[in-house]
Amino acid sequence: MMPIPGALGQPSRTLVIAAAAVPLTGWTVHAVSLHRKLTAARRDPLTGLYGRDGYTARATALTARYTTAAMVLICDVDDFKQINDNFSHAAGDRVLAATADRLTRWAGSRGVVGRLGGDEFALAVRIGPARRRLRLDQLAAALTQPVDIGDGHLVDVGVSIGAATPDTVGTTDLALLLRAADAAMYAGKHTGRAVLADRSHATAASVNSRRAGRPGTASLGAIA
């Protein structure tokens, strides 16, 4: 459609700009939507797991859908820096990859696993209340198996595990469940036993929704 002439027979500048803005606005919305989808689908190159955004999106949907049958977990490799320092960063990468594989196998098709950064992993799975303790014990046993870091050299690995469920914590909010799981994981650090959070873990002091000292707490934030 031709622009409508203005007072001097020239196309109205306002109409030309408006016409140009329509497809630009549509493209902007499309680009933002595409960026969000790509970010959510992005995988960690070392482990193949979802990154933080991809994990968060899928874990939020899982906990909202299954409520009392959902479980959220935080896992940390114990003394990971020592593995890097004593054996090499390549050895550390093998430990991370092996841990990711074990978490994925344990979670199965009913769960989602993400790498939040460094040696920190997060999971969301569908497990009924009656099988929680059994499944957590199975996970703890699987994660303590030695890891081959090359040439048949085995390294003992410890992984601390904290878990939280909507019925024991009192919410389906993923951020609060992760906070409770993080606090429970810290409470069981180096014990070799997975700790299931209760309501007290959900109220643990935090900065930026993270326990003080954890990644993401260095910047200013209100203590919750």
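The following dialogue explains how some terms are applied to a predicted model.

Guide: The model is predicted, and local features need pLDDT of at least 70, side-chain atom pairs count only at pLDDT 80 or more, while totals for chains, interfaces and linings use all residues. Residues are numbered from 1 along each chain as its sequence is written, and side-chain values use heavy atoms, with hydrogens and water left out.

Visitor: What makes a stretch a helix or a strand?

Guide: Helices (H or I, at least four residues) and strands (E, at least two) are DSSP runs, numbered from the N terminus. Helix 5, for example, covers residues 132-143 and has twelve residues.

Visitor: Why are some residues of helix 5 called buried?

Guide: A residue is called buried because its relative accessible area is under 20% (exposed is over 50%, partly exposed in between, with a 1.4 Å probe and protein chains only). In helix 5, Arg-132, Arg-135, Leu-136, Leu-139, Ala-140 and Leu-143 are buried. Down the helix axis, these residues fall within an arc of 140°, so they line one face of helix 5. The arc is taken from the directions from the helix axis to the C-beta atoms.

Visitor: What do the buried residues of helix 5 pack against?

Guide: Their partners include strand 1 (70-77), helix 4 (89-107) and strand 6 (159-164). Contact here means heavy atoms within 4.5 Å.

Visitor: What makes strand 1 mostly covered?

Guide: Eight of its eight residues are buried. Ala-70, Val-72, Ile-74 and Asp-76 point one way, and Met-71, Leu-73, Cys-75 and Val-77 the other way. In a regular strand the side chains alternate between the two faces of the sheet.

Visitor: How do you know that strand 1 pairs with strand 3 and with strand 6?

Guide: Two strands pair if DSSP finds at least two bridges between them. Seven bridges join strand 1 to strand 3 (residues 120-126), and these strands run antiparallel. Strand 1 and strand 6 are joined by six bridges, also in the antiparallel sense. Met-71 stands opposite Val-125 in strand 3, and Cys-75 has Ile-161 in strand 6 as its bridge partner.

Visitor: Why are strand 2 and strand 7 called edge strands?

Guide: The open sheet has five strands in the order 2-3-1-6-7, with mixed pairing. Strand 2 (111-117) and strand 7 are the edge strands: each pairs on one side only. Strand 2 is joined to strand 3 by six bridges, running antiparallel.

Visitor: How do you know that the charge of Arg-43 sits over the ring of Tyr-50?

Guide: The definition asks for NZ of Lys or CZ of Arg within 6 Å of the ring centre and within 35 degrees of the ring normal. The charged end of Arg-43 sits over the ring of Tyr-50, 3.8 Å from its centre.

Definitions and conventions
Expected span 1.5 Å × (residues − 1).
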